[in-house]
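Please keep the sequence and the model in view while reading.

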Amino acid sequence: MSGRAQAVLGRFPAHLDAPRAGKQLERVVEGLVAPLDLLSAELAAVRRSHRLPHADTLRDVLRIGALHGLSAGELALLFRRAERTRELAAALEAAVGDGDAEARDAAAGALRELWGIQPVPEGVAPLAPFASPAATPDLDEAGRRAARAFRAAAGFRATVEGARRRVERVSRLHAAGNGTVRAVLEGAAAALDLELDVARNVAAKEDARPDVTVKPAGAPGQTLWGYVVIARSLTRSDPAVSLPAFTAKGPAELTAEEPVRVSWAPVPDVLDYLVFRVHAGGAPASTGLLTPEPLPADATWLDDTGRAAGVPLPPPQNDDGIFHSRDLFWHSTYVHDRVRPVRRLDPEPPSQAVAIAVDAGLDELAEGMDVPFATLLARLP
């Protein structure tokens, strides 16, 4: 007896003993509630089909996308890569079955290139069954495992989930407004079935910070001095600001004979440096800019001899997580693939760069600056 039939029988008066086995009432109720179970399942499927996170089929996802002006054409790259993955996975399995090592390696390489996986010295060998270090890896079994993994990444459920993510991201962009630089970059990444690699952007900006050390250049003292170095970029609009660096062994009064030396490691893509005194424990007691004339790109140190401080350290800029050129003409971000089919072959997925130029085509820009487009893209970021 179904749970729904038991619930209905439980509502009858107790003296009828409706749930007792052997009564015909049980059969009648079971026959009446059976269509209700089917109806409930169908209603639940309808409700799921109207909700993007719960839609079960690709058709339902595409119909929801159509409400936002998205068609199958906008997702053509997703579908084409899935189709090509299945073709190459079949070719890989066929090559393994035929014992053709050359065709096996070619198909495996094509799959790796299709999914942006960096070549590894061992090819697909990391997927081979575990064996002793002295044993020869079973590359045919590794090929079969790779084919299964890539096929799963392009299977029905994976394709539906990819379409769902794409519709969700584009819909959010539409709702938030698509006239901003970030929206254009996110839209370009979505069109390529990629995602913004915000963590890589943050890491790149952190790596650009000058690594500053401070120590007395004369006899050590007992006074606290602190400094910040700003490296203005040759190509980017936002400068790289170091963390404050201090010494507690500075002299009580800074002079040419008893200075504090501020030094830093060279920073790539640097235009010039600005040095700020942010803490003065002795004389002079002022804080602010120490380099009214910026230091050249090859400078790696400055002696604070007690020079007068200028404007104070500016407040931190609002960081939108994207790279912008100095003239605000170029805007770029790192991106990564949405899916990682084989993590053992791709432990650290590489990031690529997506960039846009405002009010000009890429070829126009490269021609006008007489710089190859690949060079521009490498600089941003």
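## An opening question

Is the crossing of helix 4 and helix 7 left-handed or right-handed? The crossing of helix 4 and helix 7 is right-handed. A crossing is left-handed if the near helix is turned anticlockwise from the far one by less than a right angle, and right-handed if clockwise.

## Basis of the report

The model is predicted: local features need pLDDT of at least 70 and side-chain atom pairs count only at pLDDT 80 or more, while totals for chains, interfaces and linings use all residues. Residues are numbered from 1 along each chain as its sequence is written, and side-chain values use heavy atoms, with hydrogens and water left out.

## The chain as a whole

The protein chain contains 11 helices and 12 strands. These elements are DSSP runs numbered from the N terminus, with helices (H or I) of at least four residues and strands (E) of at least two. Of its 381 residues, 38% count as buried; buried means under 20% relative accessible area, exposed over 50%, and partly exposed in between, with a 1.4 Å probe and protein chains only.

The chain exposes about 21200 Å², of which carbon and sulfur atoms supply 57%. Accessible areas come from the Shrake-Rupley method with a 1.4 Å probe, and for residues only the protein chains shown count as cover. Among contacts (heavy atoms within 4.5 Å) between residues at least 6 apart in sequence, 65% join residues at least 24 apart.

## Helix 6 and its neighbours

Helix 6 covers residues 139–153, which is 15 residues. From first C-alpha to last, helix 6 reaches 21 Å, close to the 21 Å expected at 1.5 Å a residue; the expected span is 1.5 Å times one less than the number of residues.

The buried residues of helix 6 are E141, A142, G143, A146, A147, F150 and A153. They pack against helix 4 (76–98), helix 5 (101–114) and helix 7 (156–176).

The axes of helix 4 and helix 5 come within 8 Å and cross at roughly 160°. Axes are lines fitted to C-alpha atoms, for helices over the stretch in contact, and angles run from 0 to 180 degrees between N-to-C directions. Helix 4 and helix 5 are therefore roughly antiparallel; angles under 35 degrees count as roughly parallel, over 145 as roughly antiparallel, 65 to 115 as roughly perpendicular and the rest as oblique. The crossing of this pair is left-handed. On the helix 4 side, the residues that meet helix 5 include R81, L88 and L92, and on the helix 5 side they include R104, A107 and L111.

Helix 4 also packs with helix 7, at an angle of about 160° and with the axes 10 Å apart. That makes helix 4 roughly antiparallel to helix 7. Here L78, F79 and A82 in helix 4 meet T159, G162 and A163 in helix 7.

How do the axes of helix 3 and helix 7 lie, and at what angle do they cross? The axes come within 9 Å and cross at roughly 10°, and the two helices are therefore roughly parallel to each other. L58, V61 and G65 in helix 3 meet F156, V160, A163, R164 and V167 in helix 7.

D60 is found in helix 3, residues 58–66, and counts as buried at 16% relative accessibility. Not counting residues up to four places away in sequence, D60 touches S49 and A55.

## Loops and a strand residue

D193 has a positive phi of about 60° although it is not a glycine. D193 is in the loop between helix 8 (181–191) and strand 1 (194–196) and is buried, with a relative accessible area of 3%. D269, in the loop between strand 6 (260–264) and strand 7, also has a positive phi, near 55°; at 31% relative accessibility, D269 counts as partly exposed.

The peptide bond from A283 to P284 is cis, with omega near 0°. P284 is found in the loop between strand 7 (270–280) and strand 8 (288–289).

H336 lies in strand 11, residues 330–337, and is partly exposed at 22% relative accessible area. The C-alpha atoms of H336 and E195 are separated by 5.6 Å, although the two residues are 141 residues apart along the chain.
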